[in-house]
Amino acid sequence: MESAEDRVQKIFGERAAFYTTSASHTDRQVLARVIEMAQPKPYWTVLDVATGSGHTAFALAPHVHSVIGVDLTPQMLAEAEHLRLSQSLSNVTFQLADIHNLPFDDKAFELVTCRRAAHHFSDIRRALNEMRRVLRAGGRVVIDDRSVPEDDFVDRCMNLLDTYHDESHIREYRRSEWEHMLEQAGFSIEAVEPYVKHRPLTSLTDDVSEENVKKIRETLNNLSGPQREAFNLIEEDGQLYLNHWFVMVSAAV
């Protein structure tokens, strides 16, 4: 039986090149805020989990001693290594690893980061416990991920749309869920910053099967007037746009 991790490797293996130039994953404004929330120090050793093409690792590299980026998908790490070489970064390395079972000693890092990946983790609580385990006393975690508002309908619908977009999707969590999960994992929350991006429908339909594109369009076409307003679903220059919700969180050990 195919596991959630098998689906992640399959889908992201096929889409790896896309994430090298993805506007969402290379967003300089968001990466800059990650660095601000991390408050990195020159002597820090950093772990970037589910690093993908390495954009967060590269953004942190000038500010710390070293960064290790780990990911479950070999093709993503190949993209990351290609980018690392193109930027001549000597303090960033990449390693194949699963967030649910990190191959590092306890208290090995001052900072753990995770961007746009937690909604793929099959066991989010175990993942958070692993992040905490490898952090030293006084260490910090910074997470930036897709999210949903505190609205039952939008929650269900957005998670459904993203399952059609990516069948390795598990769940986008509400702000309140993040706060609860981090506290349960033993973190002290420092900041929680929800934000919204108004994005084209193609952000959900690109590189998606015809069957799932049809399901995405049918789901949106069936929205009522108030539901369309909740998603800020409008047409601009002949293209549909809708809200995507995000949250950035920093928490300390």
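Visitor: What makes helix α6 roughly antiparallel to α9?

Guide: The axes of helix α6 (residues 152-165) and α9 come within 8 Å and cross at roughly 160°. Axes here are lines fitted to C-alpha atoms, for helices over the stretch in contact, with angles running from 0 to 180 degrees between N-to-C directions. Angles under 35 degrees count as roughly parallel, over 145 as roughly antiparallel, 65 to 115 as roughly perpendicular and the rest as oblique, and the angle therefore makes α6 roughly antiparallel to α9. The model is a predicted one, in which local features need pLDDT of at least 70 and side-chain atom pairs count only at pLDDT 80 or more, while totals for chains, interfaces and linings use all residues. Residues are numbered from 1 along each chain as its sequence is written, and side-chain values use heavy atoms, with hydrogens and water left out.

Visitor: Which residues make the contact between α6 and α9, and how do they divide by class?

Guide: Contact means heavy atoms within 4.5 Å; α6 contributes Cys-157, Leu-160, Leu-161, Tyr-164 and His-165, and α9 contributes Asn-212, Lys-215, Ile-216, Thr-219 and Leu-220. By class the contact has 6 nonpolar, 3 polar and 1 charged residues, where Ala, Val, Leu, Ile, Met, Phe, Trp, Tyr, Cys and Pro count as nonpolar, Asp, Glu, Lys and Arg as charged, and the others, Gly among them, as polar.

Visitor: Why is α5 called oblique to α7?

Guide: Helix α5 (residues 124-133) and helix α7 (residues 175-184) pack at an angle of about 50°, with their axes 9 Å apart. That angle makes α5 oblique to α7. In this contact, Ile-124, Arg-125 and Leu-128 of α5 meet Trp-178, Met-181, Leu-182 and Gln-184 of α7, which divide into 5 nonpolar, 1 polar and 1 charged.

Visitor: What makes the aromatic pair of Tyr-173 and Trp-178 edge-to-face?

Guide: Rings of Phe, Tyr and Trp (its six-membered ring) pair if their centres lie within 6.5 Å, and planes under 30 degrees apart count as stacked, over 60 as edge-to-face and the rest as tilted. The structure holds 6 aromatic pairs; in the one formed by Tyr-173 and Trp-178, the centres are 5.7 Å apart with 75° between the planes, hence edge-to-face. Both Tyr-173 and Trp-178 are buried, a word that means under 20% relative accessible area, as against exposed over 50% and partly exposed in between (1.4 Å probe, protein chains only).

Visitor: How do you know that the pair of Tyr-195 and Phe-246 is stacked?

Guide: The rings of Tyr-195 and Phe-246 lie 5.2 Å centre to centre with 10° between the planes, and the pair counts as stacked. Tyr-195 belongs to strand β7 (residues 188-200) and Phe-246 to strand β9 (residues 239-252), 51 residues apart, and the pair thus links distant parts of the chain. Tyr-195 and Phe-246 are both buried.

Visitor: Why does Lys-107 count as exposed?

Guide: Lys-107 counts as exposed because its relative accessibility is 52%. Lys-107 lies in the loop between β3 (92-96) and β4 (109-115), and its phi is near 55°, a positive value in a residue other than glycine.

Visitor: What makes Asp-207 exposed?

Guide: Asp-207 has 56% relative accessibility and therefore counts as exposed. Asp-207 is found in the loop between α8 (202-205) and α9 (210-221), with a positive phi of about 60° although it is not a glycine.

Conventions:
Helix = DSSP H or I, 4+ residues; strand = E, 2+ residues; numbered from the N terminus.
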